[in-house]
Amino acid sequence: MPDVRIHGFMLSTWVRTACMTCVEKSVDYELVPLNRGSSDHAAIHPFTRMPVLEHDGRFVIEALAIVGYIDEAFDGRALQPTDLDGLTRMREWLSICADYVYREVVRTIPRDRAPSEEELQTARAALERVDGRLNGAPFILGDRITLADLYLAPQVSNVREKAPELLASLDALDRWAAVMAERDSFKLTSYDAATFRRN
């Protein structure tokens, strides 16, 4: 049994980010489904959100804390810059993804119905801003993958599934997404490919 358990469902972009981080760090993990909103769920997350990381008797909540924990608790290539400029730019992107992209794209575009014109405009405007911040490098901060890429990739994948037309003509975002789509961390954590335990 893996030492790391991620409680949640891969349909969640935040759960996928946590799982992608495990793959990038070569950390074996088990994806454990939640009885969402139950007393058992509340016992490990007071706001009954996901993901929740379980490791060595410790429960860690919230994606920001979880991915930082995975990166720092395990050996392997670091997923956070060590220089102040790089670390600051990565944190900017984490905040952009957590606040704007998640709210204006992931949460705005519904899964259960066709989006309204207003919803499409809101999401497209946010994606255009993201596209404008990318500089053509393979990854968000340059030649090395960081947590910023692992935050954004599931969100872009989410909109590609729900409203792919929103990504039309966003060339920088498309080039970056193509690089991410070739990584094992992306392939092994797709909703269709996900299993309760990574092989």
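The exercises below work through selected features of a predicted model, each with a stepwise solution.

Residues are numbered from 1 along each chain as its sequence is written. Because the model is predicted, local features need pLDDT of at least 70 and side-chain atom pairs count only at pLDDT 80 or more, while totals for chains, interfaces and linings use all residues, and side-chain values use heavy atoms, with hydrogens and water left out.

**Exercise 1. Glutamate 24 and its partners**

Task: Find which side chains form salt bridges with glutamate 24, and state where the partners lie.

Solution:
Step 1. A salt bridge is a side-chain nitrogen of Lys or Arg within 4 Å of a carboxyl oxygen of Asp or Glu. Side chains of opposite charge can pair when their charged atoms come close.

Step 2. Arginine 77 meets glutamate 24 in a salt bridge of 2.8 Å, N to O. The pair ties together parts 53 residues apart in sequence, because arginine 77 lies in the loop between H3 and H4 and glutamate 24 in helix H1. Helices (H or I, at least four residues) and strands (E, at least two) are DSSP runs, numbered from the N terminus.

Step 3. Arginine 183 also has a salt bridge with glutamate 24, at 2.8 Å, N to O. This pair links distant parts of the chain, 159 residues apart: arginine 183 is in the loop between helix H7 (171-181) and H8, and glutamate 24 is in helix H1.

Step 4. For accessibility, buried means under 20% relative accessible area, exposed over 50%, and partly exposed in between (1.4 Å probe, protein chains only). Glutamate 24 is buried at 10%. Arginine 77 is partly exposed at 41%, and arginine 183 is partly exposed at 21%.

Step 5. The structure holds 12 salt bridges.

**Exercise 2. Helix H4**

Task: Locate the bend in helix H4 and say what its buried residues pack against.

Solution:
Step 1. Helix H4 covers residues 84-106 and bends by about 35 degrees at cysteine 97. The bend at a residue is the angle between axes fitted to the seven residues ending there and the seven starting there.

Step 2. Cysteine 97 is among the buried residues of H4, which also include Trp93, Leu94 and Val101. An α-helix has 3.6 residues a turn, so residues three or four places apart point the same way.

Step 3. The buried residues of H4 pack against H1, helix H3 (63-73), H5 and helix H6 (147-162). Contact here means heavy atoms within 4.5 Å.

Step 4. Glutamate 104 belongs to the buried residues of H4, with a relative accessible area of 18%. Arginine 103 forms a salt bridge with glutamate 104, the closest N and O atoms being 3.2 Å apart. Arginine 103 is partly exposed, at 44%.

**Exercise 3. Glutamate 119**

Task: Is glutamate 119 buried or exposed, and which residues does it touch?

Solution:
Step 1. Glutamate 119 is found in helix H5, residues 117-133.

Step 2. Its relative accessible area is 16%, so glutamate 119 is buried.

Step 3. Leaving out residues up to four places away in sequence, glutamate 119 touches Thr108, Ile109, Pro110 and Arg113.

Step 4. The side chains of glutamate 119 and arginine 113 are joined by a polar contact of 2.7 Å. A polar contact is a pair of N or O atoms within 3.5 Å; within protein, one must be able to donate a hydrogen and the other to accept it, and residues adjacent in sequence count only if both atoms are side-chain atoms.

**Exercise 4. Backbone angles in loops**

Task: Which bond is cis, and what are the phi values of serine 26 and threonine 48?

Solution:
Step 1. Most residues other than glycine have a negative phi, and most peptide bonds are trans.

Step 2. The peptide bond that joins methionine 50 and proline 51 is cis, with omega about 5 degrees. Proline 51 lies in the loop between helix H2 (39-44) and strand S3 (52-55).

Step 3. Threonine 48 lies in the loop between H2 and S3. Its phi is near 45 degrees, a positive value in a residue other than glycine. At 23% relative accessibility, threonine 48 is partly exposed.

Step 4. Serine 26 has a positive phi, near 60 degrees. Serine 26 sits in the loop between H1 and strand S2 (29-32) and is exposed, at 64% relative accessibility.
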